[in-house]
Amino acid sequence: MRRSRESNPLPAPRSPQEERDALLAYAFRALGGRALTEAELRGKLEKRSADPALVQEVLARVQELGYQDDAHVARAEGGRHTVGRFRVRQTLKRRGVSEALIQQTVEARDPDQEAQTAQALLERRWPALARKRDPRASAYAFLARRGFAGDAIWAAIREVSAAAGAAADVPDDAAWIDEDA
């Protein structure tokens, strides 16, 4: 049986307090899924409300309660061990984190740990890469896509290819730096 439009009246308009509560509840649901940056949460809230003052009020309240913090998001992204510093920088920039916080996060990463991580990733992936026509180029591309720096990549390629018994005609550090200049 179909209802007529007359029996289903439009919902009553919300009071400002009800609007605020609804937007705040939405912000908590959004943050329950994953940690969001201020810019990401602001974008979501702006899609729900046309009132910029209300959006700012809800955003400030969520931050005041400690549910949204860009520094926490940056630390979590900086702590990812399967990506290099360039990927961390790119991801944080895309997510709207301030440049100062991005710089602080990238500088907090240990270059030696990053080189060890690149080597460990390459060791796991080397059997598949070794079957390619140019395994070193494939290995370089694999690690570069994950945001590792060239010096960490070449060191990992030298170590892994030498351990695998591959021809180690990888350029030394000075040779590849001069080629880029």
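Tyr-67 counts as exposed, at 53% relative accessibility, where exposed denotes over 50% relative accessible area, buried under 20% and partly exposed the range in between (1.4 Å probe, protein chains only). The model described here is predicted, so that local features need pLDDT of at least 70 and side-chain atom pairs count only at pLDDT 80 or more, whereas totals for chains, interfaces and linings use all residues. Residues are numbered from 1 along each chain as its sequence is written, and side-chain values use heavy atoms, with hydrogens and water left out.

Aromatic contacts were examined next. A pair of aromatic rings is described by the distance of the centres and the angle of the planes. Rings of Phe, Tyr and Trp (its six-membered ring) were paired if their centres lie within 6.5 Å, with planes under 30 degrees apart counted as stacked, over 60 as edge-to-face and the rest as tilted. By this rule the count comes to two aromatic pairs. In the pair of Phe-28 and Tyr-67, the ring centres are 5.0 Å apart and the planes stand at 70°, so the arrangement is edge-to-face. Phe-28 belongs to helix H1 (residues 16-33), while Tyr-67 is placed in the loop between helix H3 (52-64) and helix H4 (70-78), so the pair ties together parts that are 39 residues apart in sequence; helices here are DSSP runs (H or I, at least four residues), numbered from the N terminus. Phe-28 is partly exposed, its relative accessible area being 31%.

The rings of Tyr-140 and Trp-154 have centres 5.3 Å apart and planes at 40°, so this pair is tilted. Tyr-140 lies in helix H8 (residues 135-145) and Trp-154 in helix H9 (residues 150-163), and the pair therefore ties together parts that are 14 residues apart in sequence. Trp-154 is buried, with a relative accessible area of 15%, whereas Tyr-140 counts as partly exposed at 28% relative accessibility. Helix H8 also holds Ala-137, which counts as partly exposed at 41% relative accessibility. The C-alpha atoms of Ala-137 and Ile-157 are separated by 9.5 Å, the two residues being 20 residues apart along the chain.

A charged side chain also meets an aromatic ring, since Arg-48 lies over the face of Tyr-26 at 3.9 Å from the ring centre; the criterion is that NZ of Lys or CZ of Arg is within 6 Å of the ring centre and within 35 degrees of the ring normal.

Side chains of opposite charge can pair when their charged atoms come close. With a salt bridge taken as a side-chain nitrogen of Lys or Arg within 4 Å of a carboxyl oxygen of Asp or Glu, a search of the whole structure finds eleven salt bridges. One of them joins Glu-114 to Arg-85, with the closest N and O atoms 3.7 Å apart. This pair links distant parts of the chain, Glu-114 being in helix H7 (residues 111-130) and Arg-85 in helix H5 (residues 85-94), 29 residues apart. Glu-114 counts as buried at 4% relative accessibility, while Arg-85 counts as partly exposed at 22%. Glu-114 also forms a salt bridge with Arg-109, the closest N and O atoms being 3.2 Å apart, and Arg-109 counts as buried at 11% relative accessibility. Elsewhere, salt bridges that share partners join Arg-20, Asp-21 and Glu-57 into one network.

A further salt bridge is formed by the side chains of Glu-99 and Arg-89, at 2.8 Å from N to O. Glu-99 lies in helix H6 (residues 99-107) and Arg-89 in helix H5, so the pair ties together parts that are ten residues apart in sequence. Glu-99 is partly exposed, with a relative accessible area of 40%, and Arg-89 likewise counts as partly exposed, at 25% relative accessibility.

The packing of helices was described from their axes, which are lines fitted to C-alpha atoms over the stretch in contact, with angles running from 0 to 180 degrees between N-to-C directions. The axes of H5 and H6 come within 10 Å and cross at roughly 160°. H5 is therefore roughly antiparallel to H6, a term applied to angles over 145 degrees, while those under 35 count as roughly parallel, 65 to 115 as roughly perpendicular and the rest as oblique.

How values were computed:
Helix = DSSP H or I, 4+ residues; strand = E, 2+ residues; numbered from the N terminus.
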